[in-house]
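Subject: A structure for you to explore

Hello,

Here is the structure I promised to pass on to you. Please open it next to this email and follow along as you read.

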Amino acid sequence: MIGAPHAHHRLTDSTNERAKELAGAGAPHGTLVTADEQSAGRGRQGRVWTAPPGTAVLMSLVLRDLDELLPIAAAVGIAEALPVDAAIKWPNDVWIDGRKVAGILVEGRPQEGWAVLGVGLNVTTESFPPELAEMATSLRLAGSETTPAQMLTGLLTSLTKWLTATPDAVLTAWRERDALKGERVRWSGGEGIADGIDDSGALLVKTRNGPVTLDAGEVHLER
């Protein structure tokens, strides 16, 4: 099971930064970095990730078994570990009732044989900044009284399972939780109706001009 060795910080700038340092120094597969608080946490597209101290799971894993479906498999692992029903917004934001409860950031150097999987999961957070109030949620706000420590254990168990699952199993599980399929979405290059993912994890979209495949970038749900 992943999660050892384990380095915990009361406060750090970013668990991903600490994990990347460890990976570059030869840390083994499964090395875990956690923190009670981050001063420079970030998500995809360079966004800031903030959480009051002790209210979230802030973790990063050093991985040396690399796979192109890593972000997809990680999203499934997180969603399945939660004590409430969750969906996945492509490629790997985990949603509860249309609001983001967890985010994933994968960084790495494949040429050196490692990647870092960063996860931020809101657990006991009870309020968010005004700019996030309509978009974010937590397990507590969703009715669960689980703690960050309990969720960390559950996440490690679930990720251990899903990061080693077959591609077919990962894709099937992801598709069962697809939050965008059939919904109108937009991105920097256009808009259309989300139509699931292909076997590489790329998003399929139906547009007026025919099908489009998106393998990276930010997609927004038209609310």
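How many residues does the hairpin that joins β10 to β11 pass through? Two residues link these strands. Before we go further, a word on where all this comes from: the model is predicted, so local features need pLDDT of at least 70 and side-chain atom pairs count only at pLDDT 80 or more, while totals for chains, interfaces and linings use all residues. Residues are numbered from 1 along each chain as its sequence is written, and side-chain values use heavy atoms, with hydrogens and water left out.

**The whole protein**

The protein has four helices and 12 strands. Both are DSSP runs numbered from the N terminus: helices are H or I with at least four residues, strands are E with at least two. Its C-alpha trace spans about 50 × 40 × 30 Å along the principal axes. The radius of gyration is 17 Å, which agrees with the value near 17 Å for a compact globule of 223 residues. That radius is taken over C-alpha atoms, and the globule rule is 2.2 Å times the number of residues to the power 0.38.

Of the 223 residues, 48% are buried. Buried means under 20% relative accessible area, exposed means over 50%, and partly exposed is in between (1.4 Å probe, protein chains only). Among contacts with a separation of 6 or more, 64% are between residues 24 or more positions apart; a contact means heavy atoms within 4.5 Å.

The accessible surface comes to about 10700 Å², and carbon and sulfur atoms hold 49% of this area. Such areas come from the Shrake-Rupley method with a 1.4 Å probe, and for residues only the protein chains shown count as cover. As for charges, there are 21 positive and 29 negative ones, and their mean positions are 3 Å apart. Lys and Arg count as positive, Asp and Glu as negative, and His and the chain ends are not counted. Each charge is placed at NZ of Lys, CZ of Arg, CG of Asp or CD of Glu.

**The sheet that holds β10 and β11**

β10 (residues 203-207) and β11 run antiparallel and are joined by five bridges; two strands pair if DSSP finds at least two bridges between them. Look for L204, which stands opposite T213 in β11. These strands belong to an open sheet of five, in the order β11-β10-β9-β8-β12, with antiparallel pairing. Its edge strands, β11 (210-214) and β12 (220-221), each pair on one side only. Further in, four bridges connect β8 (residues 184-187) with β9 (residues 190-197), again antiparallel. There, W187 has G190 in β9 as its bridge partner.

**Around β5**

Now find β5 (residues 93-96). Which way do its side chains point? D93 and W95 point one way, V94 and I96 the other, and all are buried. In a regular strand the side chains alternate between the two faces of the sheet.

On one side, three bridges join β5 to β4 (residues 87-89), and the two run antiparallel. K89 is the bridge partner of D93. The hairpin between β4 and β5 runs through three residues. P91 lies in that loop, and a cis peptide bond joins W90 to P91, with omega about 0°. Another cis peptide bond, with omega about -5°, joins A4 and P5; P5 is in the segment before β1 (6-12).

β5 also pairs with β6 (residues 99-109), antiparallel and over three bridges, and W95 has K100 as its partner there. Two residues lie between β5 and β6 in their hairpin. D97 is exposed, with a relative accessible area of 77%.

V119 is in β7 (residues 114-122) and counts as buried because its relative accessibility is 5%. Leaving out residues up to four places away in sequence, V119 touches V57, L58, M59, I78 and G103. V119 and A75 are 44 residues apart in sequence, with their C-alpha atoms 9.5 Å apart in space.

T15 lies in helix α1 (residues 15-24) and is buried at 3% relative accessibility. Apart from neighbours within four places in sequence, T15 has contacts that include V33, Q38, L58 and M59.

Enjoy exploring, and write back with any questions!
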